[in-house]
Amino acid sequence: MIETGDIGLLDGFERALLNDRLRLAYQPKISLEDGSLKRVEALVRWDDAALGSVAPSRFVPLAEKYGLIDQLTQWGLSTALQQWCKWRDEEFEFDLAFNISALSLEKLDFPDLVERMCREHGVPTERLVLELTESATQPLINLMDTLTRFRIKGIGLAIDDFGTGYSTLMQLRQLPFTEMKIDRFFLTDMIKSDDSRLIVRTMIDLAHGLRLTVTAEGVETAEQLLMLREMGCDVAQGYLVSAALAPDTLSPWYDGWRERWPGLVSATRPARSRARS
């Protein structure tokens, strides 16, 4: 039964999904080694005439709750794969990241579906990384076979928002992730706080020790970027780099970013504070 408070939002979302009124925006992720475009993360956006811009934090749980998450996932992944092919045809190549729900992993044929979609669109599976939030990893330990099948197929797996959920180091070791994403929470006062800086450095070292790539989310200042680069972090995303972009604006953005990069990495970072938090 649909809860009364969900009726209006659910109706609007279902209509948007059925009538192709959702869209994808793509947030760039850059290599901290040389500033090159490493990957883009496909993010679902819903702009409703009556409700305005509806946050994914509202409609994604709704889709999970009322059985629409698989339809949303398939629409989003298909759209992102098609767009990747357009970029490839323009000789503009990088990897693609897409968020999936833990609920989708309960279906044994989900890895086969994703592989088939990649094959139908002509996208190599090694170009795709699926992102899962850390809070979802509590039950994921029971879905080891499904996750392992993704890795066998060459599809990458990233643990998102690391450090804010309920996963344990044992789960991180056991689950076949290829990437750890450090949550923006830890970057907020990293420049001023010894404690936050130590936590970020430890997460980077931990991930590298487990042979994982490390992405820092929510990078907003040049000081953060420089410090992460010094720590050996691999990839950065956030408003300093770019907000999520419409597909046709990615190439012009990249031209501008390549011009900005030398100035960012040659900047002098202020001396570190000895504050503790």
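Reader: Start with α2. Which residues of helix α2 are buried?
Author: This is a predicted model, to be clear. In α2, residues 56–65, the buried ones are Phe59, Leu62 and Ala63.

Reader: Where do they sit around the axis of α2?
Author: On the same side of α2, because they cover an arc of only 100° around the axis. An α-helix has 3.6 residues a turn, so residues three or four places apart point the same way.

Reader: What covers the buried residues of α2?
Author: The cover includes two helices, α1 (7–18) and α3 (69–89). It also includes the strands β2 (37–48) and β3 (52–54).

Reader: And what comes just after α2?
Author: Gly67, with a positive phi of about 75°.

Reader: On to α4. How many residues does it have, and how far does it reach?
Author: Helix α4 runs over residues 110–121, so to speak 12 residues. From first C-alpha to last it reaches 17 Å, close to the 16 Å expected at 1.5 Å a residue.

Reader: Which residues of α4 are buried?
Author: Phe110, Pro111, Leu113, Val114, Met117 and Cys118. They lie on the same side of α4, because their arc around the axis is only 165°.

Reader: What is exposed on the other side of α4?
Author: Arg119 and Glu120 are exposed there.

Reader: What covers the buried side chains' residues in α4?
Author: Among the elements covering the buried residues of α4 are α3, β5 (128–133) and α6 (144–152). Just after α4 comes Gly122, which takes a positive phi of about 75°.

Reader: Cys118 makes me think of sulfur. How many disulfides are there?
Author: Zero, from a search of the whole structure. Take Cys85: the nearest cysteine sulfur is that of Cys118, 9.3 Å away. A disulfide needs the two sulfurs within 2.5 Å, so Cys85 is in none.

Reader: Is Cys85 buried or exposed?
Author: Cys85 counts as buried, because its relative accessibility is 10%. Cys233 counts as buried too, at 4%.

Reader: New topic: Lys181. Where is it?
Author: Lys181 is in strand β7, residues 179–182. Its relative accessibility is 0%, so Lys181 counts as buried.

Reader: Which side chains does Lys181 join in polar contacts?
Author: Glu41, at 3.1 Å. Glu217 as well, at 3.3 Å.

Reader: What else does Lys181 touch?
Author: Leaving out residues up to four places away in sequence, its contacts include Lys29, Glu131, Asp160, Asp161, Phe162 and Gln237. Thr215, Ala158 and Ile159 are also among them.

Reader: Now Thr249. Where does that one lie?
Author: Thr249 lies in the loop between β9 (235–236) and α10 (250–265). At 32% relative accessibility, Thr249 counts as partly exposed.

Reader: What does the side chain of Thr249 reach?
Author: The backbone oxygen of Ala246, at 2.8 Å.

Reader: Zoom out. How many helices and strands are there?
Author: The protein has 10 helices and nine strands. Of its 277 residues, 50% count as buried.

Reader: How much of the contact total comes from residues 24 or more positions apart?
Author: They account for 70% of the contacts with a separation of 6 or more.

Reader: And the accessible surface?
Author: About 13400 Å², and 50% of that belongs to carbon and sulfur atoms.

Terms used
Residues are numbered from 1 along each chain as its sequence is written. This is a predicted model: local features need pLDDT of at least 70, side-chain atom pairs count only at pLDDT 80 or more; totals for chains, interfaces and linings use all residues. Side-chain values use heavy atoms; hydrogens and water are left out. Buried means under 20% relative accessible area, exposed over 50%, partly exposed in between (1.4 Å probe, protein chains only). Helices (H or I, at least four residues) and strands (E, at least two) are DSSP runs, numbered from the N terminus. A polar contact is a pair of N or O atoms within 3.5 Å; within protein, one must be able to donate a hydrogen and the other to accept it, and residues adjacent in sequence count only if both atoms are side-chain atoms. The arc is that of the directions from the helix axis to the C-beta atoms. Contact means heavy atoms within 4.5 Å. The expected span of a helix is 1.5 Å times one less than its number of residues. Accessible areas come from the Shrake-Rupley method with a 1.4 Å probe; for residues, only the protein chains shown count as cover.
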